[in-house]
Amino acid sequence: MKPAERSAANSPISSERLDELIAGLSIEEKAGLMAGIDAWHAGGAPSIGLEPTVTLDGPNGVRGMTFPAGSTATCTPCGTALGATWDVDLVTEVAARIGLEAKRAGVHYMLGPVLNLVRSPLGGRDFEAYGEDPVLAAVLGAAYIEGMQSAGVAATPKHYVANESEMHRTTVDCRVDERTLREVYLTPFEAAVNAGAWSMMAAYNRVNGIHCSNHGPLVAGILKGEWAWDGVLMSDWEATHNTVAASVAGLDLEMPGPPRFFGPALAEAVRRGDVSEAVLDDHARRLLLLAARVGALAVAGEGVARPTAAEKLDPAQPWHLSDPDAAALVRRAAAESFVLLTNDGTLPLLPAVIRKLAVIGPNAAQPCAQGGGAAHIPAPPTVTPLDGLRAALPGVEIIHEPGCRIDRFLPPLTAMEVRDMDGKPGLTVEFWRGQEPAGQPYAGWHVDSSEMHLFADLPQGLVQDDFSVRLSGWVTPAESGPHEIALRGFGGRRLKVDGVPAADLWNAPPATDVPTALFEGRQDGGTFELQAGKPVLIEAELHSAVNAACLLAIGCRSPQQADRLEQAVAAAASADAVIVVVGNDEAWESEGRDRSTVTLPGRQNELVERVAATNPRTIVVVNAGCPMDLPWADRVAAVLYAWLPGQEFGNALADVLLGKSEPGGRLPFTIAARESDYPALSTTPGEQEQLVYAEGVNLGYRHFDAAGIEPRFCFGHGLGYARIEFESLEVAADGLPEGDSAQLKVRLRNVGSRAGKQVVQVYVADLESSVPRPPRELKGFAAVHLAPGESTDVFLALEDRDLAYWDGDGGGWRIEPGRFEIQVGASSRDIRLRAALDLE
Ligand code: BGC
């Protein structure tokens with residue numbers, strides 16, 4: 001479909017009506033539409049009945065920032081898990097469910113999906129992406145957008161563009177050559193445009209010297225010019241840097257509010273003549289179109305069918321958006337994402353031969369269901385692996401030992417027995433006007449968490465740049481001994497333990513880079529001798545001098561939280577089989593921080609090795625959303641990569657381990673044998689803040705193929721329990737490259753006795769290229785489910801673009817004549833069928 005047709009088909013409001021509305025708005029009203037008014041609302045226009053619109057994170061559920069305390073929403077598998085399903089219909093279904101919940105919560109813009117790629121295994125937000133391949137991300141991203149928008153909520157693919165790591169994220173200058181941008185990093189965003197995304201978010205970083213929020217060539221040039229996209233481009237939070245350049249480059253919305261560069265400042269720039277009114281009108285047109293699309297702007301009399309909004313919830317009541325249908329969907333999606341990396345036949349486990357099962361590992365009872373940062377949502381309690389296995393194996397004795405600890409920061413205070421000032425489990429938070437927490441508090445309430453991000457949810461009447469706050473609780477230690485206690489935060493802050501200062505940074509200057517400081521790992525405190533059963537008062541205070549978010553988090557490690565390797569090994573030795581659940585926690589997989597190594601945190605590798613040495617039936621489950629090193633992989637019975645799978649983790653895990661469900665996932669990234677084998681590892685910018693994407697188009701498996709490096713597990717790999725074979729491939733390519741597509745017919749047959757899944761992966765190799773090209777590139781895929789004995793034909797099409805490369809010397813997309821090979825297989829290194837394609 002041509003862009004204009006796509007836009008018309010995707011518009012519930014006519015162009016004339018938009019013109020009319022814009023003509024009726026003043027310059028100030030139009031500029032007001034373009035600025036946030038607070039953390040999660042973008043400006044409205046009362047004169048035309050447009051209320052402020054609501055934006056919320058995303059992408060693995062509806063985040064709670066503006067929810068009343070105690071509200072929850074469905075927590076779905078993370079991005080890499082969805083990537084591992086390779087299943088377009090399933091991703092659409094998951095996104096439609098999140099969209100439905102967002103609609104019920106009154107949200108207009110959901111901030112996702114993440115269309116950046118897994119470039120370095122150290123990237124803090126790898127878990128939010130769909131993997132390392134641009135086509136996988138493009139196709140699944142489009143599916144997510146369609147699902148979300150089918151609920152009448154705008155998807156906001158993010159972060160445009162080259163935002164693959166978190167280190168110095170607001171200042172880093174990602175140096176990416178044009179061909180690499182086009183063939184790799186822009187591809188998913190181009191697909192998002194073709195899928196009709198209503199909104200998009202510009203990244204924090206710079207690309208080739210210019211910040212993405214005022215990047216004329218990438219925004220006005222490619223996104224809105226060449227691709228003719230008609231949606232709203234919003235800034236990432238606090239990432240608008242100026243008025244004129246950003247507006248002229250094509251940024252439509254400054255988030256969050258209150259306005260700094262858009263709103264009144266933009267109106268003035270228009271009145272001064274620095275920004276033309278035509279530019280302003282273009283922004284306003286996009287914002288009004290989006291408001292009409294999400295049902296926030298009346299399109300009276302136009303009779304355009306929009307998705308029916310589900311019944312809205314009462315904003316005064318806590319909302320529980322999840323339900324059994326959503327839980328069932330999350331459970332199925334998680335099982336479809338789990339990647340069985342190795343299996344010596346121990347899986348599926350036969351309950352009949354197991355009387356005693358040891359469930360070991362730090363993540364068995366305290367799993368990581370979702371990552372940290374903006375993606376983190378308040379969710380119903382996670383079904384842990386331990387819970388799930390206990391429920392599925394009622395007749396089996398199940399024993400548990402965590403083995404070792406993995407926390408990046410001290411565990412939250414709430415991991416111990418803590419009570420608020422009224423004696424209720426939890427803590428008390430109190431607020432004061434001004435910079436000193438003295439006298440009668442202005443407001444206060446009870447909280448369940450010892451970590452607070454103070455931004456959108458200040459008590460009414462307090463202003464962000466002039467309040468102080470105290471978080472306090474009575475902790476009763478379970479045992480006597482040294483306890484580490486610390487405060488995480490930034491700006492003026494202090495911590496007291498039983499009235500004694502443990503950290504005093506009351507006069508520290510405010511942070512200059514808040515989006516980064518919010519996630520920084522600095523902890524200040526000390527070690528205290530505490531006595532079992534004797535309550536201790538812990539108080540953390542901060543004052544806010546600037547108009548920006550604040551962090552206040554208290555952590556404590558008791559002696560009890562030490563490693564217990566010996567106990568874990570003894571438990572493993574006494575059992576018929578062992579499930580070891582290793583992985584990360586949400587401080588390791590988080591926005592705002594990259595990791596420094598691919599090694600599992602703590603003594604987890606040692607734990608796996610020792611358990612495996614004592615019990616040959618050791619199955620390792622990896623609870624991580626990013627590539628981790630698995631040095632023991634060939635010394636254990638089976639390895640299952642389980643991602644950050646959402647609220648139904650334990651149930652889905654039991655389904656797969658016991659063979660009720662097929663492990664449906666295939667790796668969306670490569671897992672290297674050695675850290676140094678990755679094409680891009682360090683995410684630390686060099687001189688002038690530059691992070692050079694030196695691997696060019698050869699990221700991920702393309703590098704391993706080009707350099708002839710054997711990975712530990714290749715891209716696309718994953719075993720099933722079923723036996724589904726590739727029988728034949730037929731290619732009809734008449735008409736390529738004159739605009740027609742090549743038609744592929746792949747015949748599959750389930751030759752085993754179990755129902756199962758196969759992912760057909762189509763790679764293209766340009767055998768006679770005049771420029772170096774990756775040895776093979778993924779260009780299509782399909783997830784296929786077959787009953788025992790069933791066979792099917794899978795039809796896939798290759799378009800011109802699937803054969804082309806980007807010719808930077810002004811040639812644009814270019815297809816060279818010569819021989820191509822179409823490779824169809826079960827992974828990037830398990831090619832089962834090949835066909836030659838000769839282009840004249
Ligand atoms: C993140 C975005 C997120 C926004 C709002 C930023 O820090 O980079 O992904 O949508 O915050 O929470």
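Q: How far apart are the mean positions of the positive and negative charges of the chain?
A: They are 3 Å apart, taken over 70 positive and 110 negative charges. Lys and Arg count as positive and Asp and Glu as negative, leaving out His and the chain ends, with each charge placed at NZ of Lys, CZ of Arg, CG of Asp or CD of Glu. Do keep in mind that this is a predicted model, where local features need pLDDT of at least 70, side-chain atom pairs need 80 or more, and totals for chains, interfaces and linings use all residues. Residues are numbered from 1 along each chain as its sequence is written, and side-chain values use heavy atoms, without hydrogens and water.

Q: Why is T670 called buried?
A: Buried means under 20% relative accessible area (1.4 Å probe, protein chains only). T670 has 2%, so it qualifies. Of the 840 residues, 62% count as buried too.

Q: What makes the pairing of T670 and E132 a polar contact?
A: Such a contact is a pair of N or O atoms within 3.5 Å, one able to donate a hydrogen and the other to accept it; residues adjacent in sequence count only if both atoms are side-chain atoms. The side chains of T670 and E132 meet at 2.8 Å. The backbone nitrogen of Y701 lies 3.4 Å from a polar side-chain atom of T670.

Definitions and conventions: Buried means under 20% relative accessible area, exposed over 50%, partly exposed in between (1.4 Å probe, protein chains only).
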